[in-house]
Amino acid sequence: MSRSIACIDYRNGKIFIAKRQMVGDMGGRWEFPGGKIEEGEDLETAVIREMQEEFGVTVSVGQKITSGTFTHRNKPCTLDVLSIHFPHDGMKERFILTEHTDYRWADLAEIPALNFVDSDLAVYDDVKKWCENEK
């Protein structure tokens with residue numbers, strides 16, 4: 001079973017989301033950033049690597065929020081969701097995008113109305129509950 005991560009930075013009542021490049025099954029859709037866990041990696045190492053590759057920054061990794069399962073190309077996958085903290089908000093000093101075309105800080109309530117990737121929508125309720133408890 002393949003394993004992926006989704007990363008949640010929630011601050012000032014907003015959650016960080018990114019828009020995928022127009023390639024692949026879920027191209028052009030919004031997501032909680034993350035990616036695949038490589039062979040031999042633990043969750044923290046995978047998170048740090050993915051955020052460095054995708055945004056050019058080193059994040060601090062917090063707690064595991066939840067896990068979910070989904071099917072991708074008829075194969076079962078596990079999605080581990082972790083809290084992170086970017087070193088800055090990416091607005092004044094922009095992140096370097098390699099896998100996305102855009103990013104922003106969104107209200108939790110607007111996530112279901114956005115064109116969001118299926119795997120992240122599957123864990124949305126748990127993420128929303130965690131964020132609401134972080135206030």
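Me: Is Glu50 buried or exposed?
Reply: The model is a predicted one, in which local features need pLDDT of at least 70 and side-chain atom pairs count only at pLDDT 80 or more, while totals for chains, interfaces and linings use all residues. Residues are numbered from 1 along each chain as its sequence is written, and side-chain values use heavy atoms, with hydrogens and water left out. Buried means under 20% relative accessible area, exposed over 50% and partly exposed in between, with a 1.4 Å probe and protein chains only. The relative accessible area of Glu50 is 8%, so this residue is buried.

Me: In which helix does Glu50 lie, and with which side chain does the side chain of Glu50 make a polar contact?
Reply: Helices are DSSP runs of H or I with at least four residues, strands are runs of E with at least two, and both are numbered from the N terminus. By that numbering, Glu50 belongs to α1, residues 43-55. A polar contact is a pair of N or O atoms within 3.5 Å; within protein, one must be able to donate a hydrogen and the other to accept it, and residues adjacent in sequence count only if both atoms are side-chain atoms. At 3.1 Å, the partner of the Glu50 side chain is the side chain of Arg49.

Me: What should the 13 residues of α1 span, and how far apart are its end C-alpha atoms?
Reply: The expected span of a helix is 1.5 Å times one less than its number of residues. For α1 this gives 18 Å, and the distance between the end C-alpha atoms agrees, at 18 Å.

Me: Against which strands do the buried residues of α1 pack?
Reply: The buried positions of α1 are Leu43, Ala46, Val47, Arg49, Glu50, Met51, Glu54 and Phe55. Contact means heavy atoms within 4.5 Å. Leaving aside neighbours within four places in sequence, Glu50 is in contact with Ile5, Gly34, Gly35 and Lys36. For the buried residues of α1, the packing partners are β1, β3, β5 (34-36), β6 (60-72), β7 and β8 (100-106).

Me: Why is the pair of Phe55 and Phe86 edge-to-face?
Reply: Rings of Phe, Tyr and Trp (its six-membered ring) pair if their centres lie within 6.5 Å; planes under 30 degrees apart count as stacked, over 60 as edge-to-face and the rest as tilted. By this rule there are eleven aromatic pairs. The ring centres of Phe55 and Phe86 are 5.7 Å apart and the planes stand at 80 degrees, so the pair is edge-to-face.

Me: How many residues apart in sequence are the parts that the pair of Phe55 and Phe86 ties together?
Reply: Both Phe55 and Phe86 are buried. Phe55 lies in helix α1 and Phe86 in the loop between β7 and β8, so the separation of the two parts in sequence is 31 residues.

Me: Which residues form one aromatic cluster?
Reply: Tyr103 counts as buried at 2% relative accessibility, and Phe55 is buried at 1%. The aromatic cluster is made up of Phe16, Phe55, Phe86, Phe95, Tyr103 and Trp105.

Me: How far apart in space are Pro76 and Ser2, C-alpha to C-alpha?
Reply: Pro76 lies in strand β7 and counts as partly exposed at 46% relative accessibility. Not counting residues up to four places away in sequence, Pro76 touches Met1, Ser2 and Phe70. Pro76 and Ser2 are 74 residues apart in sequence, and their C-alpha separation in space is 7.0 Å.
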